[in-house]
Amino acid sequence: MSLIGKEMVDFQAQAYHQGEFITVSSDDIKGKWAIFCFYPADFSFVCPTELGDLQDQYEELTSLGVEVYSVSTDTHFVHKAWHDESDVVGTITFPMIGDPSHVLSQGFDVLGEDGLAQRGTFIVDPDGIIQMMEINADGIGRDASTLIDKIHAAQYVREHPGEVCPAKWKEGAETLTPSLDLVGKI
């Protein structure tokens with residue numbers, strides 16, 4: 001069953017963020033755009049490349065009013081240790097949420113049978129509604145640059161009810177207004 005259009009799970013979790021342990025909750029997310037990037041485990045192989053790539057896009061995402069959260073089933077203590085030891089992970093400035101209780105991983109339906117989170121990416125709107133989800137197999141890393149266009153599209157559609165963004169849509173490009181006149185014409 002798809003999570004698109006559903007409200008994200010209520011949660012409260014510990015995170016490592018810029019040298020401190022913080023609490024992040026679903027209440028903190030409401031009223032803002034958010035990206036949740038789930039990954040299997042700290043001190044692994046593909047995961048640091050993905051988080052480093054996400055960090056490369058972080059400034060542009062925050063300029064769009066989006067907060068980014070990485071999430072694994074490791075604890076916030078492990079996140080700190082990984083941040084301190086890895087050159088790539090050491091550059092991360094977004095909150096790294098620990099989900100050892102699996103509340104988030106189960107709520108976003110990415111908890112694998114092995115107790116680890118799958119590679120899931122979710123865009124959540126300011127009402128806490130999931131607008132985009134993508135889940136990859138463990139061996140397939142993600143490209144965070146694609147999130148910029150997806151955020152632009154999600155924000156555009158929210159601000160322009162009745163319009164939709166076609167494939168490969170870029171900010172400022174033409175949109176579509178679904179109607180009987182378009183049926184079979186595209």
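This is a predicted model: local features need pLDDT of at least 70, side-chain atom pairs count only at pLDDT 80 or more; totals for chains, interfaces and linings use all residues.

Residues are numbered from 1 along each chain as its sequence is written, and side-chain values use heavy atoms, with hydrogens and water left out.

We begin with the interior. In soluble globular proteins, nonpolar side chains tend to be buried together. A nonpolar core is here a set of buried Ala, Val, Leu, Ile, Met, Phe, Trp, Tyr and Cys residues joined through side-chain atoms within 4.5 Å, and buried means under 20% relative accessible area, with exposed over 50% and partly exposed in between (1.4 Å probe, protein chains only). The largest such core has 24 residues, and those with the most contacts inside it are Ile35, Leu51, Leu54, Leu61 and Leu147. At least two residues of this core come from each of strand E3 (33-38), helix H2 (46-63), strand E4 (66-72) and helix H5 (146-159), where helices (H or I, at least four residues) and strands (E, at least two) are DSSP runs numbered from the N terminus. H2 gives the largest share, five residues. Ile35 touches, among others, Leu61, Val68, Phe122, Leu147 and Ile151, not counting residues up to four places away in sequence; a contact means heavy atoms within 4.5 Å.

A second, separate core of 20 residues includes Phe36, Val71, Leu104 and Val110. Phe38, found in strand E3, counts as buried because its relative accessibility is 0%. Leaving aside neighbours within four places in sequence, Phe38 is in contact with residues including Val71, Leu104, Phe108, Val110 and Arg142. Phe38 and Tyr69 are 31 residues apart in sequence, and their C-alpha atoms are 8.4 Å apart in space.

On a 1 Å grid over the protein atoms alone, a cavity is a set of points where a 1.4 Å probe fits but cannot get out, and lining residues have an atom within 4 Å of a point. Among the residues lining the largest cavity are Cys37, Glu50, Asp53, Arg142 and Lys150, and H2 and H5 each supply at least two residues of that lining. The lining divides into four nonpolar, two polar and six charged residues, where Ala, Val, Leu, Ile, Met, Phe, Trp, Tyr, Cys and Pro count as nonpolar, Asp, Glu, Lys and Arg as charged, and the others, Gly among them, as polar.

The structure holds zero disulfides, a disulfide being a pair of cysteine sulfur atoms within 2.5 Å. For Cys37, the nearest cysteine sulfur, that of Cys47, is 8.6 Å away. Cys37 is buried, with a relative accessible area of 6%, whereas Cys165, at 22%, counts as partly exposed.

Finally, we turn to the backbone and the end of the chain. Most residues other than glycine have a negative phi. His102, in the loop between strand E5 (96-98) and helix H4 (103-107), has a positive phi of about 70 degrees although it is not a glycine. Lys168, in the segment after H5, has a positive phi near 60 degrees and counts as exposed at 80% relative accessibility.

Technical notes:
On a 1 Å grid over the protein atoms alone, a cavity is a set of points where a 1.4 Å probe fits but cannot get out, and a pocket is an open set with protein on both sides within 12 Å along at least five of seven lines; lining residues have an atom within 4 Å of a point.
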